[in-house]
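Hello,

Here is the structure we talked about. Please open it first, then read my notes below.

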Amino acid sequence: MGEMEQMKKEAEALKTQIEAARKAVGDTDMASAASGVAPAPRVQLKTRRTLKGHLAKIYAMHWSTDNNLSSLSSIGVFRLMVSASQDGKLLIWDSHSGNKVNAVPLKSSWVMTCAYAPSGNLVASGGLDNMCTVYNLKTPVIKTVKELDAHTGYLSCARFLSDTEILTSSGDTTCALWDLETGKQKTVFLNHVGDCMCLSLSPDMNTFVSGACDSLAKLWDIRDGQCKQTFQGHTSDINAISFYPSANAIITGSDDCTCKMYDLRADQEVISYQDAALNSGVTSLALSMSGRLIFAGYDDFNCNIWDSLKGEKVGVLSGHDNRVSCTGVPEDGMCVCTGSWDSFLKIWN
Amino acid sequence: MTINTLSQDGVQRQQMPCLTKTPYYWMSTRWPASELDYAIYLAKKNIRKQGELIEYEKECYNALHKRINHTWDFVVMQAREQLRASKQRRKADRIVLECQEQAYWLVNRPPPGTLENIDYGPERRTMNTRVQLIRMLNSTKKSYVKYCEQYQPHDPIMQGCLPSNPWITDDIMFWNMHSETVAVPTKLRVERWSFSFMELLNDSMGRKEFLTYLEKEFSAENLCFWQACEDVRHGETSKIPEKVDEVYKQFLAPGASRWVNIDSKTMEKTLEGLKRPHRFVLDDAQMHIYFLMKKDSYPRYLKSELYKNLLARAIVPQETKKSVFPFMRRQRHSSPSPALATQIGEDDGKGKNSNSVKSNSGTASRL
């Protein structure tokens, strides 16, 4: 046997040894560590709103933050969010009333992501045009502020850090931090070997994680542009990723039909959310405010709800007539929104 | 335990666990494993275990003691310092760091008899490290349980919310009660400030209250400095030089009106960096002040009369019943409690009435 073969065999043997060692040490696994916790109640969420207005598949949605709550509440607007659809439009919704506050026509209809700036002043979109376009919502007529054009692959995800910086992930396997004043890339994050599909900013905005088609999730330091940690475990493209609210862990969702939680300090997978009956890939995920519940959207038109501590499925959101492409929980944790290829957005709680 | 892909020379490299903010024991940084460091590590272990080191470590310890006897005082002093500092950390962090340190020294000063990978092939003894890792893993798992339990009352999907979830009852009172300008906050909101320093800082009302407290303690400049640094970090690039200059004039210059107390080393480094200002030039100073507030002012604030009084005054909203006819979109107002009556009258007189004349340009259906 060549040395390569031997090494591979050892890798497999070590994996089994680790499992055996865990049992031998007799320490608790996550489920038993959580056994003292009361089980999450059987979660039955109902659709409270169905937002109709898009004419084609919805690919992305993003909630606005609470920052402008008081100024908006005095005019009766609550809970803004942006959604992107391949009918070539970004729609800004006042989701509580169901009114459309704004509609932004896109130059390219092949949109894959959208983002709301924390200040509420800007939104961004991007897709197969390889560009990230940023729009100002506060001018009398919505204007394009910048077209960020440097990626050589499709734009899969974008997130604002502030009104002056935005992070993007792209099909060209890189992520980039842009300066919105100059429109240039400040830092390029190189390490993935497959298309980057998703990213999530840490609450303190010093780091972010990205998931890619190479089935790896990576943690990056925004300041120095280096990949600090890599998380293995998935066997297919990672489509969705999110920081746990305590910022000590990340949750990923993949085409291999599982979601996984990785602990950042232990640098490894802690728990895997899977079910033999589920054989469609995860497209998106969002966490409830305490982190206890994971809302994961799947290709089989449903959104499954997982208990993050016990690893069990505790509910399902069914109602869409096509794949659930995006999910999001607003900052106050009041509800969960799902967007689907059936062109509707549903708000549940 | 992650096992990296094989590199060109066929050598399997172990990936060490890490705390992203303390890279001392990462293999990738190639921190040179000096005699001095090893001596300090053994001295720490010696102190902790009161002389009961394992055989080969005892031998190494004695050998080092002979070799670098001239700096032995320094070694012992450093060891004591580090032990004292580690006691200040949270248990989970301490365990993680100890595991990292142990693993680091296992690799750099392997016990006698450890097989060299290249010489002897894949058969190796490396179980010790993994057992340590598993123990560390359990303390981190418990931290998740703790976090979820602490935040559960604040998670509307898990536990509902008072007075009611606006999505279910169409009553927007919850949002009104949590706005930035409300006179009396809710109990849950004030309690949340005690979860962590960041929770307090993230809430604008929390920041205001904390500032009031700091003013009484004559250390308000710390929070102002921290906020000014945040503004530099997240603001426009073109404004950075002028903002940094302002910060210097107000907070860092000798004799500045709101001079902040930073240790001399950090101050020196910051002043040097100010010659070529960039977005992160104030990071070290900001971090120093942040930890100062977190370790000192913040715990005292939570014990202060100011905080306790606010918590006592904070309201627990009464539950409003779900609207009987769900298809009515008109806002339902439960009669507000007397404590709220004046405040709502003031800032929402206009808001609520305007809802009924909203132009409805979209469709929204509800079950």
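Start at Leu282(B). Leaving aside residues up to four places away in sequence, Leu282(B) touches Cys229(B), Val232(B), Val244(B), Val247(B), Leu252(B), Thr270(B) and Leu274(B). Bear in mind that this is a predicted model.

Leu282(B) belongs to the largest nonpolar core, which has 38 residues. Together with Phe210(B), Phe225(B) and Leu252(B), Leu282(B) touches the most other members. Several helices of chain B give two or more residues each to this core: α11 (197-202), α12 (204-216), α13 (220-234), α14 (240-252), α15 (264-274), α16 (283-303) and α17 (305-313). The largest share comes from α13(B), with 8 residues.

Now the annotation. UniProt, in an unreviewed entry, places "domain: RGS" at residues 196-311 of chain B. Over that stretch the chain is 74% helix and 0% strand.

Chain A has a sheet to look at. It is open, with 4 strands in the order β6-β7-β8-β9 and antiparallel pairing. At the edges sit β6 (111-116) and β9 (143-149) of chain A, each pairing on one side only. On average, neighbouring strands of this sheet are turned by 20° against each other, direction ignored.

Inside that sheet, β7 (residues 122-127) and β8 (residues 131-136) of chain A pair in the antiparallel sense over 5 bridges. Which residue of β8(A) stands opposite Leu122(A)? That is Asn136(A).

Best wishes

Key: Residues are numbered from 1 along each chain as its sequence is written. Chains are lettered from A and ligands numbered from 1 in the order in which they are written. This is a predicted model: local features need pLDDT of at least 70, side-chain atom pairs count only at pLDDT 80 or more; totals for chains, interfaces and linings use all residues. Side-chain values use heavy atoms; hydrogens and water are left out. UniProt positions are given in the numbering used here, feature names are shortened, and annotations may be inferred rather than shown by experiment. Two strands pair if DSSP finds at least two bridges between them. Axes are lines fitted to C-alpha atoms, for helices over the stretch in contact, and angles run from 0 to 180 degrees between N-to-C directions. A nonpolar core is a set of buried Ala, Val, Leu, Ile, Met, Phe, Trp, Tyr and Cys residues joined through side-chain atoms within 4.5 Å. Buried means under 20% relative accessible area, exposed over 50%, partly exposed in between (1.4 Å probe, protein chains only). Contact means heavy atoms within 4.5 Å.
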